[in-house]
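Student: Could you show me how to read a protein model, one feature at a time?
Tutor: Gladly, let us look at it together.

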Amino acid sequence: MSLYRNSAWFLKGLTEFTKGAFLSASKNFVEKDLETSVVGRSFLITGANSGIGKATAMAIAKKGGTIHMVCRNKDKAEEARAEIVKDSGNKEIFVHILDLSETKKVWEFAESFKKKYKALNVLINNAGCMMTKREVNGEGLEKSFASNSLAMYILIKSLIPLLEKSPDSRVITVSSGGMLVQKLRTGNLQSQRGRYDGTMVYAQNKRQQVVMTEQFAKAHPNIHFSVMHPGWVDTPTIANAMPDFHSSMKERLRTPEQGADTVVWLAVSEAAGKNPSGHFFQGDALGFGTELLSFSPSPPIRHPSVSI
């Protein structure tokens with residue numbers, strides 16, 4: 001990332017991605033958008049035992065939705081499930097243990113899920129992986145790419161038949177503002193060339209998620225696809241992979257609940273479903289699920305008709 005792009009991204013973040021920006025935007029929220037019951041609707045959420053995923057699961061559980069928590073750590077998942085059941089009073093919370101970096105296991109899980117369950121209304125690709133050094137999974141694939149990009153692709157591709165036969169089906173992917181500093185690069189997907197920079201690899205993965213969302217939306221018009229940036233949020237991923245940024249910005253970071261706000265809006269509100277499929281949303285720049293209609297004018301970041 002160039003010094004200019006780094007500086008521009010950071011300044012944009014200070015004005016739009018912080019807790020202060022969220023609190024300012026909250027004055028314009030349309031609260032009635034979230035005054036809805038989702039009893040009888042099912043939601044599969046990856047990375048649902050902490051951070052944005054857990055906050056999303058909690059909010060939807062309180063509205064009566066059936067939650068399928070896809071998590072890597074069984075103990076943490078069961079602890080989070082118990083908390084969600086206790087606070088929401090909703091017992092329709094199910095835990096599925098899966099390491100999203102193991103692509104074959106992701107496919108096996110998705111195939112098994114669609115055989116076991118008759119419906120899936122909403123898939124929320126929330127889990128994220130930011131590595132500090134290059135590592136590969138058991139199949140020889142770089143872990144960030146496997147977890148962030150391939151897992152998303154496999155889950156969506158495999159679960160499309162289940163989503164298509166479910167009413168008002170939606171797919172929401174939690175991306176990152178970091179993707180604004182990356183144009184799509186397909187020549188080094190495994191990050192084998194050059195110095196490994198985990199933050200930039202993550203940003204590239206997030207750009208890939210945005211591009212895939214747009215393409216899935218074109219290919220499957222019966223499903224509503226969206227991808228979003230939650231702002232700068234205090235999550236375990238940021239704390240562990242970007243400790244300097246986390247410590248210096250901690251007081252300005254959004255809470256997981258604030259970060260989950262637009263995810264929940266996209267998942268449950270009638271208003272969200274009226275937006276065109278395949279669009280990118282910047283979490284609460286101006287209110288619930290504000291559509292990001294313009295980016296930096298820098299050439300690599302283009303936005304014709306909300307295409308990324």
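Student: What should I know before I start?
Tutor: This is a predicted model, in which local features need pLDDT of at least 70 and side-chain atom pairs count only at pLDDT 80 or more, while totals for chains, interfaces and linings use all residues. Residues are numbered from 1 along each chain as its sequence is written, and side-chain values use heavy atoms, with hydrogens and water left out.

Student: What average pLDDT does the chain have?
Tutor: pLDDT is the predictor's confidence in each residue, from 0 to 100. Here the chain averages 86, and 89% of the residues score at least 70. Residues 285-308 have a pLDDT below 50, although this stretch has 59 contacts (heavy atoms within 4.5 Å) beyond near neighbours in sequence in the model. Where pLDDT is low, the predicted coordinates should not be read in detail.

Student: How many helices and strands does the chain have?
Tutor: Helices (H or I, at least four residues) and strands (E, at least two) are DSSP runs, numbered from the N terminus. This chain has 11 helices and 7 strands.

Student: How many of the 308 residues count as buried?
Tutor: Buried means under 20% relative accessible area, exposed over 50%, and partly exposed in between, with a 1.4 Å probe and protein chains only. Of the 308 residues, 56% count as buried.

Student: Which residues have the most contacts inside the largest nonpolar core?
Tutor: A nonpolar core is a set of buried Ala, Val, Leu, Ile, Met, Phe, Trp, Tyr and Cys residues joined through side-chain atoms within 4.5 Å. The largest one here has 34 residues, and Ile60 and Ile67 have the most contacts inside it. Several elements each supply at least two of its residues, including β1 (42-46), α3 (51-62) and α10 (256-268). The largest share, 7 residues, comes from α10. Leaving out residues up to four places away in sequence, Ile60 touches a set that includes Phe43, Ile67, Ile124 and Val264. Another core, of 26 residues, lies apart from the largest one, and Leu44, Val70, Phe109 and Ile156 are among its members.

Student: How many aromatic pairs are there?
Tutor: A pair of aromatic rings is described by the distance of the centres and the angle of the planes. Rings of Phe, Tyr and Trp (its six-membered ring) pair if their centres lie within 6.5 Å; planes under 30 degrees apart count as stacked, over 60 as edge-to-face and the rest as tilted. By this rule there are 6 aromatic pairs. The ring centres of Phe22 and Phe29 are 5.5 Å apart with planes at 70°, so this pair is edge-to-face. Both Phe22 and Phe29 are buried. For Tyr153 and Phe216, the centres are 5.7 Å apart and the planes are at 35°, so that pair is tilted. It links distant parts of the chain, with Tyr153 in helix α6 and Phe216 in helix α7 (residues 198-219), 63 residues apart. Tyr153 is partly exposed, at 35% relative accessible area, whereas Phe216 is buried, at 6%.

Student: Is Ser166 buried or exposed?
Tutor: Ser166 is buried, because its relative accessible area is 6%. Ser166 sits in the loop between α6 (143-164) and β5 (170-174).

Student: Which backbone atoms lie 3.0 Å and 2.7 Å from a polar atom of its side chain?
Tutor: The backbone nitrogen of Leu120 is 3.0 Å from a polar atom of the Ser166 side chain, and the backbone oxygen of Leu162 is 2.7 Å from one.

How values were computed: A polar contact is a pair of N or O atoms within 3.5 Å; within protein, one must be able to donate a hydrogen and the other to accept it, and residues adjacent in sequence count only if both atoms are side-chain atoms.
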